[in-house]
Amino acid sequence: MLLREVEYARPSSVEEAIELLAGHEGARALAGGQTIVNVMKARAASPDVLVDLNRLEGLRSISVSGETLRIGAMATYTQIMASSEVEVSRPILAEVSAQIADVQVRNRGTIGGNICSNDPTNHLPPLLVALDGSMTVRGADGERSVSASDFFLGVYMTAVGEGELLTSVSVPAAANAADGFASVTVGRDGTCLANAAACLAGDVVRIALGCVDAVPVLLTPTSSDESSVRQAVQEADIDPPSDVHASSEYRRHLAEVCAVRAVDKASRRG
Amino acid sequence: MEPTASKAITVEVNGTVYERDVESRRLLVHFVRDDLDLTGSHVGCDTGNCGACSMIVDGQLVKTCMLLAVQADGAKIETVEGLAAGGELTNLQQSFSDHHALQCGYCTPGMLMSATALLRENPKPSPAEIRKGLQGNICRCTGYWNIIEAVTAASGQEVASNE
Amino acid sequence: MNVAGEKRFDAPRQTVWQVLNSPESMAKTMPGVDGFEVHDERHWTANVKVPLGLGGLRMKINFEKLEEREPEFARLSAKGEGVGAIMNMQTSFELEEAEGGTLMKWAADVSIAGPVGSMGQRVLQPIVNQQVGNVLRSLEQQVQEADG
Amino acid sequence: MSETIAPSEALVVEETQAPQRGFAGQNVPRKEDKRLVQGEGLFVDDIKRHGMGYAHYVRSPYAHANILSIDVSKAEALGGVYGTLLGEEVAALTDPFFQISSPPGAHVKDYALAVGKVRHVGEPVAVVVAETRELARDAADLVEVSYEPLPALTDARRALDTDAPQLHDETGGNLSWSGLYSWGDVDSAFAEADRVITIGELHFDRFNSTPLECDGALVEFNRGTGQWTIHTNNQFPGFAAIMMGPAMRTGLDKLRFVTQDIGGGFGNKITSHPQLVAMCLLARKLNRPINWTEWRTDFHLTMSHGNERWFLDTQVAVKADGTLLGFRTKAVDDAGAYLRYEPLGGVIWAQVTPGCYRWQHVELEFTQVMTNKAPVSPNRGYSRMQHLWFTERVIDIVAHELELDPVEVRKLNYIKADEMPYTTPNGCVYDSGDYSRMLDVALELIGYDSLDEKRKEAASRGRLLGFGIGSTLDSGTNNFGQSRLINPELQFSGNNEVASVKLDIFGEVVVTLGTTPQGQGHETTASMVVADILGVTPDDVNVRAGHDSYWNSHAGFSGTYASQFAVTGLGAVKGAADKLADEIKRLGSVILGCSTDDLELAEGHVRMKANPEAALPLMACGAIINANNAGLPEDLDVTLNARYVYRPPFEVPDVETKYGNLTLTYAAQVHAALVEVDPETGVYDVVDYAAVDDCGSRIHPQIIEGQVMGATAHALGAATYETFAYDDDGNLLTPNFYDYHVPHAMDMPPISMGYVESPSPFTALGTKGMGEGGGAGIHAVCAALQDALKERGRPLVHDSFNPYHRVWEMLADPEASRKLVSVETR
């Protein structure tokens, strides 16, 4: 409960935030804080400077422009669940956000924090990989866009470099997209033992597995029928970590089941 | 602005304004309990799971063990101490007692704040909605059903009673 | 947990050996080393900050060379402290001449002591794999530099 | 997954008799609630003192290691640090804690801090005290401890192997205590048997009730009087005192225990005496009040794990019709690294030796060992729960293997109502109860008649439905004489509790209790009993909140533990109130000039039965005795301040035959569960649940129902989610609520409740101790899973803890568990 000493700044603009992040060694962005503050309580990983993004209202906006749904990195799960833009352009994001933890966490936790922490049990990394989303990352020398499949580098590691800031997440807008998400959790809405997101577009099938590796595992089976989905998972030859909640073997099995169930949900929606 | 290891902050808690210097690292729940001496809100875990520290900050239900006190600078905070204005119990508080929705009472302040936030957003929640609304609050005494009944009754709905 | 593998260098065995046995050049292969101290040729200490998205994982790592047979075999122990837990690693490598280059067979046994929970369990394995990858990549670089 | 919506409304109450007991029997509003719902409770961590220091422990990262050196210089150099405490100081200033065990456990040396060696991850090795909580932890991080790691022992079954790591040199091995219990004639039972069922191994898992408030203390030392005031949430101060006094070389009256509100206990807050000693030493050394806040991770690492127990080589003697004759088993109990309340678990189980059943012949070899895990201590259902789970598992395995109906096997073997009071093979006396009727009520509540339709309906959704029963006992009011079966040298026996009731100068009725309630509503129930006796209302009765050993209302066994308040606590309250009522009548007879027989207490007056107009208000009585007593007869011995010590009727059990009555009352639970298993993943839900309890006469039904619901939630958590799991190096893998998942609101199944009231013939109010439950839900879920998986290769449920992955393993390889059981037909 008792954090190591840390410095705190609350910038009033994205530019200022990036200056702070770039200008201070060991500086980290503080989004919802629903992961990083707990890690700091354990005094495991510990930033020297926290750059609080919570007053950057601009980073909370959710908008649809043409073919793209753009969600500000600081949009909370609660916001995403309530957003009419999300509802009309990619409802799966609201559906999955509603399964994350509890009201209090959903009120504070953000889409940006979820994917930047990239805990292997998080819901959104596999979902965004399956939806072929892209992340906008801003640094001192401008903005760049990183596709979801390149964004996740490892546990707690992403393409957001030192002195950079994730500003928004974009996914293709498609109201009736055939998306599906399935998970097995410890208790209802608890920690995921395994999860999978699926997106069916024409004959393109994208499945992303969570909880089985440091980063989401993307599968693109040739068809959405059960046998080829199972085959794709088996051929991915994943080596999931073991922990007290599930053995590697059990996770491997659950990954296959979740993939099949996610695809099934997706096809029933499409 | 330059990062600092401590900061003078102003918060309004249950209508009273407090100004204090606080270390940047101090969690809001410790600030409220130890610095403001409002000990109604509790700490039951290290990991943001138990919800005993739940408060309503600027209208939003949050776990204050995952919020730094400095982040609450300028915020309006509601805690359990603010519910019964002038000692007059709210329907919800009375209902908790009527339905034996508390035993040791340690989770109760956080539970009450979560239920208060829920009823503001959803004045007539179904039992399933109440369970979803209280999912972030652990109670080790009651097994939850009496709490669900208490919230149902406080919202003026029929209770599937255990009596 | 155990990790092991092989790596081929396009450099003579002696060069690889020297790199592997020089604390300074090894330091360069480790992520986020911000302090280094050699006590004697068998003992040295590194202060590292493993860069993670959430903030540095600060560790003080004490190395001890347990065994060596120049130029083909060495075994070290590394003990990292400072994250509320203790990381213990025993690692060894064998060097063989392999057509014009050197083949390194390495193995490491990593364990964490302390109240790590599944966070430690679940996260340790991927982090170790990741860091091993980094080390091997920069090792190659060091060998090339040493090889001139 | 099926989404449960609400508890079914059914509530059945069957009473063998329904005596009108005034306020008793009614749901009087709880006195405690008004402060607790306003955040005005006073929990230990709410207490502040000027200049107090915050303590933070330095804990071992190793499960087993020699401590080579500890360097606190950097910590003490840090600004704001008040001081430190080390094991070597503790060893110099205190003696090792008194050990309950006979040898070899008797030789364990246990101090407030590790001395020379650590024996489990998280064991305290030093304490740092500083100006703020954060600084204390900063400084603790600066303490440099150098360890020599040793191999860890994490499997109790290996503890006695010659090559096993040795925890305590003094005990010459890892055995703490062992004893052979044999009652009846086990050989003849097996000779008589038509079938002998052998079960290789059953395992009761390690968990505890994890009260939401962890332990804590605020300790002040009075230099002038040499007296400590210990504000703490310890739930058994009487026990803490007898552990601490001798160790600290001080008289017990120098240790003042003060408690108001406690955030849950469940037995887990009995053994905090090592931490309390450390804080006492620091308060004296640093001459300032010391705050100790135990954090969640600390609690999980060090506090009161439940006894993990193995049952090996079990043999059961059965007739072909399922009549149970007897059993043999070897219980191996894992006490963890130190004996803080153990090895009492080695006898406590014997309170319920036959479970709810009539078998007469029992042989149990009990072996308790020490391992590199957190010390175990009482946990809701302490030691009986493990044994009851075993007996229930045996019943269902017998039924499963002999293709008998678990309901019929139970009805055939249950102790019958007309056999009550029933003497068990080891001399315990079950006071009252009707288990068959309870089972009928449970079956009705859960719709047992339509079980087949339910199975079909679930199957149509691809789910496997299973039904299971758990019938258990909650034995309350210990005869501490049972400790002599562990160690004949001990001078403990019987039990007691104290209450005082006085009438103050303005007629205020004031009650003080010796108990330390943690949510059981003692203020409320005590006020009801007193009100009925004094002819006032509960609102007129002021029951002091909490416990203060300087109130002089405690005895050696005072506290709140082991399901006894309704017997010992209320027994003491009734005794004191009766005494006061008698004094009031004697005063009244003098003032009103009549015989005490002509008087009654009603409506706040002592008055003449024949002529209610001739009455003296209680206020006047208080005023006369306290402030206006001139002219009263000299021989009128009335103080209006009555103190009563309740002492249950017990004999010392026979040490040789291990025979005798170990507890006074036996509340019963018959619970039934329906589970649905997803055969593809092993994920399952409890979809319906019925809880039928009998705790005798019910003083406050609502409080009792709350206890039953809470105990059920604990059992369901333990069955599916909750475990203290260790890796092979002795690291705890579930040190917080993130990994140690407890039931949340959405995890609870619908629960319908039923009651049978069989008043206890042995207690003044017909009440029985209750609240712990017997872990009936753990067994009901085990049985339901075994039933659900029957058609998938008949796997045997062999563990009390069945997370999804274990169910999946049983589905994937049923043969693995089939190997554990065999049936011999004679």
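Reply: Gladly! Let us begin with contact: two residues are in contact if their C-beta atoms, placed from the backbone, lie within 7 Å. The model is predicted, so local features need pLDDT of at least 70 and side-chain atom pairs count only at pLDDT 80 or more, while totals for chains, interfaces and linings use all residues. Residues are numbered from 1 along each chain as its sequence is written, with chains lettered from A and ligands numbered from 1 in the order in which they are written.

Me: What makes domain 1 of chain B and domain 2 of chain B count as in contact?

Reply: By that 7 Å limit, 15 residues of domain 1 of chain B pair up with 12 residues of domain 2 of chain B. On the domain 1 side, β3 (54-57) and β4 (60-63) of chain B each give two or more residues, and β3(B) has the largest share, three residues.

Me: Why is chain B called as compact as a globular protein of its length?

Reply: The globule rule is 2.2 Å times the number of residues to the power 0.38, and the radius of gyration is taken over C-alpha atoms. For 163 residues the rule gives 15 Å, and chain B has 16 Å, close to that value, so chain B is as compact as a globular protein of that length.

Me: What share of chain B is buried?

Reply: A residue is buried if 20 or more other C-beta atoms lie within 10 Å of its own, exposed if 12 or fewer, and partly exposed in between, with C-beta atoms placed from the backbone. Buried residues make up 67% of the 163 in chain B.

Me: Which element gives the most to the side of chain B that touches chain D?

Reply: Here 52 residues of chain B are in contact with 52 residues of chain D. On the chain B side, α4(B) gives the most, with four residues.
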